[in-house]
Amino acid sequence: MTKNLTFFDWHPCPLPSKGAYYDGAIPDTLQVRPLLWKDERRFEAMPDDKFIASLISTMVKDEIDFNELLTGDRITILLKIREISFGPEYQFPTACPSCAQRFHTSVDLSNLRMLFYSEADGQEPWDLVLPRTERELKIRLPRAKDDEAVLDRRREELKSGGDVDLADVEMLKRYVLEIKGMDEKTKNLFLEEGLLSMEYATIIKFVNDKMPAPVLRSEVFCPSCKYEFETGIPLGVDFFRYVPAKGA
Ligand SMILES: [Zn+2]
């Protein structure tokens, strides 16, 4: 198999989870390889939402269950693949919030701040008491399998002309495992129809605080008015398209 040939190097990719949520099934560091032209030819025919899953399973050497990867580990792998394929500098468009000037800025992907797992984070599932209704929840972290299930659901809805804007609520139903005093069906209906806006924010913050992940934020300096601001780093469709700079 081509996986055994050595036309390219494997690079270590330390996972922010340190493997702590995988019961030994996924190690703390994976081996990844750069994107090849061969992959690009294969991926070209693929719908965008299947692309990321295929990319990861093809570029990681370790035999692991990719569905179990935490969202934060998965993003880390994507960033590492981008870095070893195209170099650490990633350019993206942004707009200055002060003077509205649009320009390109860049970030060094090899130098992003990383929120690593620490023992103080404890283990899944966690108990969370909502601040106003005092409902008691059991929560785990979102994984690749959740993303995939939500995408599949979205595809079905698209076909039948239903609600395609269901990603967030479907995701929530999956990683909120239980609400005390409710059966599964009631829990899901509650999350969809009865959850307070502020308590949704509480859950999202809780999960974000627990999720080991790279911090996708960048300091930007406006070339026009010199205003300094912080912006999110977008991982859009262009993330895996390499456009050589003029003259390079
Ligand atoms: Zn500006």
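**View 1. The two domains of the predicted model, whose C-alpha centres lie 25 Å apart.** In this predicted model, the domain assignment of the protein chain gives a domain 1 built from two stretches, 2–116 and 213–240, together with a domain 2 that covers 135–210.

**View 2. The place where domain 1 and domain 2 meet.** Here 10 residues of domain 1 are in contact with seven residues of domain 2. On the side of domain 1 that touches domain 2, the elements α2 and α3 are the ones that give two or more residues. Sorted by class, this side of domain 1 holds five nonpolar residues, along with three charged and two polar ones.

**View 3. The largest nonpolar core, made up of 12 residues.** Among its members are Cys13, Leu15, Leu30, Val32, Ile52 and Met59, as well as Val60, Ile77 and Ile84. At least two residues of this core are supplied by each of β2 (29–32), α2 (48–59) and α3 (71–86), and the largest share, five residues, comes from α3. In soluble globular proteins, nonpolar side chains tend to be buried together.

**View 4. Val60 and the residues that it touches.** Which residues does Val60 touch, when those up to four places away in sequence are not counted? Val60 touches Leu30, Gln31, Val32 and Ile77, and of these, Leu30, Val32 and Ile77 belong, like Val60 itself, to the largest nonpolar core.

**View 5. Another core, which lies apart from the largest one.** This other core has 10 residues, including Leu70, Tyr117, Met211 and Ala213.

Methods
Residues are numbered from 1 along each chain as its sequence is written. This is a predicted model: local features need pLDDT of at least 70, side-chain atom pairs count only at pLDDT 80 or more; totals for chains, interfaces and linings use all residues. A nonpolar core is a set of buried Ala, Val, Leu, Ile, Met, Phe, Trp, Tyr and Cys residues joined through C-beta atoms within 7 Å. A residue is buried if 20 or more other C-beta atoms lie within 10 Å of its own, exposed if 12 or fewer, and partly exposed in between; C-beta atoms are placed from the backbone. Helices (H or I, at least four residues) and strands (E, at least two) are DSSP runs, numbered from the N terminus. Two residues are in contact if their C-beta atoms, placed from the backbone, lie within 7 Å. Domain bounds come from an automatic or database domain assignment. Ala, Val, Leu, Ile, Met, Phe, Trp, Tyr, Cys and Pro count as nonpolar, Asp, Glu, Lys and Arg as charged, and the others, Gly among them, as polar.
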